[in-house]
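Work through the two exercises below with the model in view. Each task is followed by a solution in steps.

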Amino acid sequence: MLFEIKPKSRRKDLYDREKELKEFGDALKLGENLILILGIRRLGKSSLLNVALNELKLPYAKIDVRSLYFTFGTIPQDVLVREILESLLRSTRRFRKFRVGLERLVDSIEGIEVSGLKVRIGRKVHLIDILEKIDSWGERVIIAFDEAQYLRFSGLQYDGLIAYAIDNLPNVTFVLTGSEVGMLHDFLGLDNPKKPLFGRYAREIVLERFSRDKSIDFLIKGFSELSIDVPQDEIEDAVEKLDGIVGWLTMYGYLRGVRKLSHEEALSELLNMARSLVREELDKILSHSKRYGMILKAVSLGNERWSEIKEFVESKTGRINDAKFSILLRNLVKYGYLDKISGKYRIPDPIVREIIRRYC
Ligand SMILES: Nc1ncnc2c1ncn2[C@@H]1O[C@H](COP(=O)(O)OP(=O)(O)OP(=O)(O)O)[C@@H](O)[C@H]1O
Ligand SMILES: [Mg+2]
């Protein structure tokens, strides 16, 4: 169902994204070792990743790094190793050929025991040793890190480890997704001579919002799956307000089509649900500095220029020096909360903009 709220995992539930799936497949066919799936929140990165991995007839591990970070406050190596191995075992359930080989491989690692789909780690293990072992298997193996920028919150230098793997382990392909696109770029440092991954090639698949026509078509197809007739002017109004962000379009479709709310009720319930989601997301950056909230408020009210935003923030929270203020603004761009186009700042997501304008 197109309006299923959970991230999609089957191609038939995924609207469009043919070009991106093909690009993913092409990169693998060429044996590339680093694929990035980028885009602001709710554009369908996890869904694209799920569908792409599901269609592969290859062993893969998929790790939700964001949830590991929120569970542990860091990314512990032994947890990561266990998650990778268990996820690999799950992915080979359908392929006997891989299953047997993989079980044998994992069992042969000292200190690790496999029982069914569970892995027990008896003593300290190093991810790099595990990756070397996986590479020595001779099969192509995909290691996907969803929201990989959270790998930076760790005592371990996962960027260095990925660089080593890319240079030395030809059978391992990493797929990294990131909604905090600037943070992920900073973490990887492909353009930064001081970082271990400097100069490496990455295939970048950038998810864009749907065009107006595609958004309309998405809603029409979703409602027709549910055999529901929704007037064209309501569909156009929703598309106008949700601006091609598939996560919001899906939520609207669900509320209107599955929960059968009226158009107005669906939009207002969407704003309600989005409010707690966005609040939770914002709390994380606000814990670093309250000024982030003021900056976003300023932009949501239509202040676009550096100086206008600064003036607004200073009127609320007192003087702030230029350099510090610029860093805060730059971080918001890196987190994906702000866009900067021709010197003007904007909140790229209309629902987030509305929530900040009304409630922050
Ligand atoms: N191409 C698509 N067709 C249909 N529904 C989609 C598509 N892409 C995403 N969705 C839906 O949109 C919502 C957001 O998708 P998903 O979680 O995959 O995005 P994301 O970019 O990973 O978001 P986040 O940044 O919050 O992790 C989900 O409800 C998902 O089912
Ligand atoms: Mg996601």
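Two strands pair if DSSP finds at least two bridges between them. Helices (H or I, at least four residues) and strands (E, at least two) are DSSP runs, numbered from the N terminus. This is a predicted model, in which local features need pLDDT of at least 70 and side-chain atom pairs count only at pLDDT 80 or more, while totals for chains, interfaces and linings use all residues. Residues are numbered from 1 along each chain as its sequence is written, and side-chain values use heavy atoms, without hydrogens and water.

**Exercise 1.** Determine the strand partners of β5 and the burial of its residues.

Step 1. Strand β6 (residues 172-178) runs parallel to β5 and is joined to it by five bridges; Ala 144 stands opposite Val 175 there.

Step 2. From β5 the chain passes through helix α7 (residues 158-168) to β6, a β-α-β crossover that is right-handed (with the strands pointing away from the viewer, the path from the first strand over the helix to the second runs clockwise).

Step 3. Strand β2 (residues 60-64) also pairs with β5, in the parallel sense over five bridges, and Lys 62 is opposite Ala 144.

Step 4. Val 141, Ile 143 and Phe 145 point one way from β5, and Ile 142, Ala 144 and Asp 146 the other way.

**Exercise 2.** Describe how α4 packs against α6.

Step 1. Helices α4 (residues 77-91) and α6 (residues 127-136) pack at about 25°, with axes 10 Å apart. That makes them roughly parallel (angles under 35 degrees).

Step 2. Leu 127, Ile 130 and Ile 134 in α6 meet residues of α4 including Leu 80, Ile 84 and Leu 88 (contact means heavy atoms within 4.5 Å).

Key: Chains are lettered from A and ligands numbered from 1 in the order in which they are written. Axes are lines fitted to C-alpha atoms, for helices over the stretch in contact, and angles run from 0 to 180 degrees between N-to-C directions. Angles under 35 degrees count as roughly parallel, over 145 as roughly antiparallel, 65 to 115 as roughly perpendicular and the rest as oblique. Buried means under 20% relative accessible area, exposed over 50%, partly exposed in between (1.4 Å probe, protein chains only).
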